[in-house]
Amino acid sequence: MVVDAPVHDQVWTPDWPLDVRRTLSRDRRGTGDPTLRYAEDGVWRTTTTPDGPATVRLTGGPAAIRVQAWGPGAGWAGPAVPRWLGAEDRADGFDPARHPLVARLHHGAPWLRLGSTGRVWDALVPAVLEQKVTGIEAHRTWRELLRLAGEPAPGPAPAGMRVVPSAERVLAVTDWEWHGCGLDGARRRALRAVASVASRLEAGVHDDCADLRRRLQSVPGIGVWTAAEVAQRAVGCPDSVSVGDYHLKNLVGWSLAGRKTDDDGMLALLEPWRGHRQRVVRLLEVGGSMPPKRGPRMAPTQYRSI
């Protein structure tokens with residue numbers, strides 16, 4: 001028996017011009033993300049599953065994708081890959097012609113599908129870390145948390161890859177260790193709150209986006225923005241908009257109307273696509289535009305020095 005032989009190994013053929021790296025890029029927390037690595041020998045991703053951790057490698061494409069998986073959760077994770085990449089996404093009722101930019105972007109991005117991982121916890125931990133801080137801060141804390149508490153990736157994964165720590169492991173992290181990771185008190189309390197009820201938050205077969213967002217927002221420290229970010233990734237919600245995002249409102253406003261706007265203005269501009277508003281946001285993230293930058297950039301807060 002070969003030690004590193006995958007538990008799951010099959011070839012999957014998508015029925016659209018899939019671009020694996022671009023499709024998964026939204027789930028990548030910086031180039032040093034320990035859970036998602038783009039390497040010469042394929043795209044590697046770790047995940048939690050109901051059966052335990054797993055590592056998945058994707059090679060080939062776009063006509064055929066070889067899916068290999070290792071670890072206790074390989075039998076769950078391997079068959080879930082098509083869903084990750086958007087195989088279950090449906091654009092019925094979506095009319096890109098309501099705006100010329102949206103129509104052009106939709107025509108130019110036939111690879112874009114809204115994927116769903118089926119794993120709330122994997123999306124929730126980094127979303128909490130991203131609350132009200134810069135991306136640089138959030139990505140640094142994510143890497144530190146994975147190094148501190150994450151489990152080593154099963155199988156022959158690239159060096160340094162880790163699996164999102166379990167809720168039990170997160171609850172065991174001490175305040176001093178959190179401080180070393182650069183995590184402030186508000187996000188720390190929110191993370192502990194979701195870890196305390198993690199098993200009740202996982203998506204079930206009959207869960208829909210609205211139900212998941214409601215359950216998430218019932219947890220102290222989880223607001224509209226975090227719930228939307230998780231719903232987009234865990235269940236592929238095509239209509240969930242990240243209200244409260246520092247940059248998104250201006251991306252939508254500038255791209256669709258040539259002006260900055262607030263959250264209410266953003267929602268008004270997206271209203272013609274209700275039911276598919278997240279789909280429009282994803283298209284604008286691919287090819288929309290932001291207002292010209294003026295003034296200094298927001299400086300990351302050094303919580304470890306406080």
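**Exercise 1. Determine how many salt bridges link domain 1 and domain 3, and describe the contact between these domains.**

Solution. The count between domain 1 and domain 3 is two salt bridges, a salt bridge being a side-chain nitrogen of Lys or Arg within 4 Å of a carboxyl oxygen of Asp or Glu. The model is predicted: local features require pLDDT of at least 70 and side-chain atom pairs pLDDT 80 or more, whereas totals for chains, interfaces and linings use all residues. Residue numbers start from 1 along each chain as its sequence is written, and side-chain values use heavy atoms, with hydrogens and water left out.

Step 1. The domains are domain 1 (8-90), domain 2 (120-235) and domain 3 (247-287), with bounds from an automatic or database domain assignment.

Step 2. The centres of domain 1 and domain 3, taken over C-alpha atoms, are separated by 29 Å.

Step 3. In contact (heavy atoms within 4.5 Å) are five residues of domain 1 and six residues of domain 3.

Step 4. About 370 Å² is buried between domain 1 and domain 3, 26% of it on carbon and sulfur atoms. Buried area is the accessible area (1.4 Å probe) that two parts lose on being put together, summed over both.

**Exercise 2. Characterise the packing of helix α12 and helix α14.**

Solution. Helices here are DSSP runs (H or I, at least four residues) and strands likewise (E, at least two), numbered from the N terminus.

Step 1. Helix α12 (residues 248-257) and helix α14 (residues 277-287) have axes 10 Å apart, at an angle of about 80°. Axes are lines fitted to C-alpha atoms, for helices over the stretch in contact, and angles run from 0 to 180 degrees between N-to-C directions.

Step 2. The two helices α12 and α14 are therefore roughly perpendicular, the class that covers 65 to 115 degrees.

Step 3. From α12, L248, L251, V252, S255 and L256 meet V281, L284 and E285 of α14.

Step 4. These contact residues divide into six nonpolar, one polar and one charged. Ala, Val, Leu, Ile, Met, Phe, Trp, Tyr, Cys and Pro count as nonpolar, Asp, Glu, Lys and Arg as charged, and the others, Gly among them, as polar.

Step 5. E285 also forms a salt bridge with R26, with the closest N and O atoms 3.3 Å apart.

**Exercise 3. Locate the cis peptide bond.**

Solution. The cis peptide bond joins G61 and P62, with omega about -5°. P62 lies in the loop between β4 (54-60) and β5 (65-70).

Notes
Angles under 35 degrees count as roughly parallel, over 145 as roughly antiparallel, 65 to 115 as roughly perpendicular and the rest as oblique.
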